[in-house]
Amino acid sequence: MPFVFLLIALLLPATACAQQVAWLWDGAALPAWSQQEAAVLQRHILLSGDNALTRPRSGWPPASRITPVVHVEVSTVNPPIDIERRRSMIVRAMHEAADASTSGWVQLDMEAKPSQRVFYRSLVRQLRSELPPHIKLSVTALAWWCRSPAWLDDLGADEVVPMFFRMGKDGARLRDLVEHSPAALHASCRDVAGFSPQEAFAPQVTARYRKTYWFDRYAWKRGANIGSTP
């Protein structure tokens, strides 16, 4: 690279080079800033008691590159009786997502409970070993996992996306860590992250991340600005 272009690249603010991707659930609009790439819910799997309900997406937004997302919801009201029985369903859904990917990525969005940690880690390892080599595996992570190596050490995914929004009763403390003590978070939580414009951080916080995913509670239909507080 010629010196002058290298110098310009070094002087550009981090946000100019950061990759920003909108999460799109059913019915969400595609924001203009995410038309190059979007992470789109492809299938919703609900595990409840002895039941496993699945609902596929009906259509795709006109993004240039699409990362299909498989959302596995584990009921807290009626936890699955035997989650291991649902492994094949989740694996099959992820393979279908890989077939539909135009970005080279697929994403597993599963908020596993502490009692399901062994299953979850085993599932991620299996997915990474079985998915085609040219498909990269992204997984979302609850923010509190970023303080627990038992969840994230040697997880096996190509990308971990901690969700720094809707962080629950410990949200204030976690938010303080993200803002002021990022080095205290697991190393897997310092490269890519998920944010929400309704719980916005200062731009210098989100700028630390090479890639950011964004979830809007209003499905991007109110013109939310990801760069400032609502």
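**Notebook: core and aromatic rings**

I began with the largest nonpolar core, which has 70 residues; Trp-23, Leu-108, Met-110, Tyr-120 and Phe-164 touch the most other members. Helix 3, residues 87-100, gives the most to this core, with 7 residues. I noted that the model is a predicted one. I also kept a general point in mind: nonpolar side chains tend to be buried together in soluble globular proteins.

**Leu-108**

Next I looked up Leu-108. Which residues does Leu-108 touch, not counting those up to four places away in sequence? I listed Val-70, Val-72, Ile-90, Met-94, Tyr-120, Leu-123, Val-124, Leu-127, Ser-138, Val-139 and Thr-140.

**Thr-140**

I followed the last name on that list. Thr-140 lies in strand 6, residues 136-142. Is Thr-140 buried or exposed? I found a relative accessible area of 1%; the cut-off for buried is under 20%, so Thr-140 is buried. The side chain of Thr-140 makes a polar contact of 2.6 Å with the side chain of Asp-109. I then checked the contacts of Thr-140, leaving aside neighbours within four places in sequence. They include Trp-23, Leu-108, Met-110 and Tyr-120. I had already met these four names among the core residues that touch the most other members. Gln-107, Asp-109, Trp-145, Val-161 and Met-163 are also in contact with Thr-140.

**Aromatic pairs**

I turned to the rings. How many aromatic pairs does a search of the whole structure find? I wrote down 15. One of them joins Trp-33 and Trp-220, edge-to-face, at 5.3 Å centre to centre with 80 degrees between the planes. Trp-33 is in the loop between strand 1 (19-24) and strand 2 (37-48), and Trp-220 is in the segment after strand 9 (211-214), so the pair ties together parts 187 residues apart in sequence. Trp-33 is partly exposed at 29% relative accessible area, whereas Trp-220 is buried at 7%.

I looked at another pair, Trp-144 and Trp-151. This pair is edge-to-face too, with 5.7 Å centre to centre and 90 degrees between the planes. Trp-144 is partly exposed, at 33% relative accessibility. Trp-151 is buried, at 1%.

**Cluster and charges over rings**

I found one aromatic cluster formed by Trp-23, Trp-25, Phe-165, Tyr-213 and Phe-215.

Last, I checked two arginines. Arg-175 has its charged end over the ring of Phe-201, 4.0 Å from the ring centre. Arg-222 has its charged end over the ring of Tyr-218, 3.7 Å from the ring centre.

Terms used:
Residues are numbered from 1 along each chain as its sequence is written. Side-chain values use heavy atoms; hydrogens and water are left out. Rings of Phe, Tyr and Trp (its six-membered ring) pair if their centres lie within 6.5 Å; planes under 30 degrees apart count as stacked, over 60 as edge-to-face and the rest as tilted. Helices (H or I, at least four residues) and strands (E, at least two) are DSSP runs, numbered from the N terminus. Buried means under 20% relative accessible area, exposed over 50%, partly exposed in between (1.4 Å probe, protein chains only). A charge sits over a ring if NZ of Lys or CZ of Arg is within 6 Å of the ring centre and within 35 degrees of the ring normal. A nonpolar core is a set of buried Ala, Val, Leu, Ile, Met, Phe, Trp, Tyr and Cys residues joined through side-chain atoms within 4.5 Å. Contact means heavy atoms within 4.5 Å. A polar contact is a pair of N or O atoms within 3.5 Å; within protein, one must be able to donate a hydrogen and the other to accept it, and residues adjacent in sequence count only if both atoms are side-chain atoms.
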